[in-house]
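Trainee: Could you go through this model with me before I start on my own notes?

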Amino acid sequence: MRAGRELHSEIFKRGIVTREDLILSKLYWARDSKSDQALMNDTDPQIAELVRQRLMERSGAERVMMASSMFETAKAMVVASLPTGLSEIEIKGLLVERIYGDEVDARAFVEHLKTLKKS
């Protein structure tokens, strides 16, 4: 239980909206989306059920840690693809643009970051 409390504390130290909230919103979007990418599924139903069962055997804290780790990996891949010499705010703006696309107004996000930096 202690690890769960530490995780919970760490998540909320990071800001108003957690990475996990954003991951969940992306998953809900994909589920409800009519795009070809979201609808593609070539996984055998028996394999999908086995994966789901294995995932559900894990605790909620473990599943959050897995999602967080996957997000960090995706973020690292995006950062590695960016040109060198960008400011921290430029990197964050491009991350938001590439990871969330039209779901988040990247320009408004960058402007918000700039106001925080002035404070």
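Mentor: What follows is a short talk through a predicted model, taking the fold, the confidence and one surface patch in turn.

Trainee: OK, how many helices and strands does the protein chain have?

Mentor: The secondary structure comes to seven helices and zero strands, and from the N terminus on the elements run α-α-α-α-α-α-α.

Trainee: And what share of the residues counts as buried?

Mentor: Of the 119 residues in the protein chain, 18% count as buried, while the chain exposes about 9600 Å², with carbon and sulfur atoms supplying 58% of that area. As for contacts between residues at least 6 apart in sequence, 43% of them join residues at least 24 apart.

Trainee: Changing topic, what pLDDT does the chain average?

Mentor: The average is 78, and 66% of the residues score at least 70. Over residues 1-5, however, pLDDT stays under 50, and the model has zero contacts beyond four places in sequence for that stretch. Where pLDDT is low, the predicted coordinates should not be read in detail.

Trainee: Now the surface: which residues make the nonpolar patch?

Mentor: Leu55, Met56, Met66 and Met70 make a nonpolar surface patch of about 360 Å².

Trainee: Which helices supply them?

Mentor: Both α4, spanning 45-56, and α5, spanning 60-81, supply at least two residues each to the nonpolar patch, and Met56 has its place in helix α4.

Trainee: Why does Met56 count as partly exposed?

Mentor: Met56 counts as partly exposed because its relative accessibility is 45%, and that class lies between the buried cut-off of under 20% and the exposed one of over 50%.

Key
Residues numbered from 1 in each chain as written. Predicted model: local features only at pLDDT ≥ 70, side-chain atom pairs only at ≥ 80, totals over all residues. Heavy atoms only, no water. Patch = residues over 30% accessible without salt bridge, like charges linked within 9 Å, V, L, I, M, F, W, Y side chains within 5 Å. Areas by Shrake-Rupley, 256 points an atom, 1.4 Å probe, with all protein chains shown as cover. Salt bridge = Lys/Arg side-chain N within 4 Å of Asp/Glu carboxyl O. Helix = DSSP H or I, 4+ residues; strand = E, 2+ residues; numbered from the N terminus. Buried < 20%, exposed > 50% of the residue type's maximum accessible area, 1.4 Å probe, protein only. Contact = heavy atoms within 4.5 Å. pLDDT = per-residue confidence, 0-100.
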